[in-house]
Amino acid sequence: MKSNIVLIGFMGTGKTTIGKFISERTEMDFLDTDKLIEELNKMKIPEIFDKYGESFFRNEERKVVNKIYLKNNSVISTGG
């Protein structure tokens, strides 16, 4: 069993790009919390902020993190 690698940082710093690269090189799963939030809500992050606000988004982010934090062998890219 491999541990997870979690990438954190400011928006636009390359977490998703680097995360995909690392996951391919290590044969680990890749999870992007923003992408999972978009899939869950069927809209893009800017739309979520515009329509529901930051508080709603942070709650959705919490839900996604709670779903994936027990996974193993994953590279996880968090939101900015």
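1. A word on terms before the tour: a residue is called buried when its relative accessible area is under 20%, and exposed when that figure is over 50%. Keep in mind that this is a predicted model.

2. With that cut-off in hand, take Glu27. Its relative accessibility is 68%, so Glu27 counts as exposed. You'll find Glu27 in the loop that links helix 1 (15-26) with strand 2 (29-32). The backbone is worth a look here too: Glu27 isn't a glycine, yet its phi is positive, at about 60°.

3. Lys42 is another one to check. Phi of Lys42 is near 55°, again a positive value in a residue other than glycine. This residue sits in the loop between helix 2 and helix 3 (45-52). Because its relative accessibility is 74%, Lys42 counts as exposed.

4. Zooming in on one pairing, strand 1 and strand 3 run parallel and are joined by 3 bridges. If you want a place to start looking, Ile5 has Val75 of strand 3 as its bridge partner.

5. Is Ser74 buried or exposed? With a relative accessible area of 1%, Ser74 is buried. Ser74 belongs to strand 3 (residues 74-77). Setting aside neighbours within four places in sequence, Ser74 is in contact with Ser3, Asn4, Ile5, Met28, Asp29 and Leu31.

6. How do the axes of helix 2 (residues 33-41) and helix 4 (residues 54-68) cross? They come within 9 Å and cross at roughly 110°. Angles of 65 to 115 degrees count as roughly perpendicular, so helix 2 is roughly perpendicular to helix 4.

7. As for who makes that contact, helix 2 contributes Thr33, Asp34, Leu36, Ile37, Leu40 and Asn41. From helix 4 come Phe56, Phe57, Glu60, Glu61, Val64, Val65, Lys67 and Ile68. Sorted by class, the contact of helix 2 with helix 4 has 8 nonpolar, 2 polar and 4 charged residues.

Conventions:
Residues numbered from 1 in each chain as written. Predicted model: local features only at pLDDT ≥ 70, side-chain atom pairs only at ≥ 80, totals over all residues. Heavy atoms only, no water. Axes fitted to C-alpha atoms, helices over the stretch in contact; angles between N-to-C directions. Helix = DSSP H or I, 4+ residues; strand = E, 2+ residues; numbered from the N terminus. Parallel < 35°, antiparallel > 145°, perpendicular 65-115°, else oblique. Contact = heavy atoms within 4.5 Å. Nonpolar A, V, L, I, M, F, W, Y, C, P; charged D, E, K, R; others polar. Buried < 20%, exposed > 50% of the residue type's maximum accessible area, 1.4 Å probe, protein only. Pairing = 2+ DSSP bridges.
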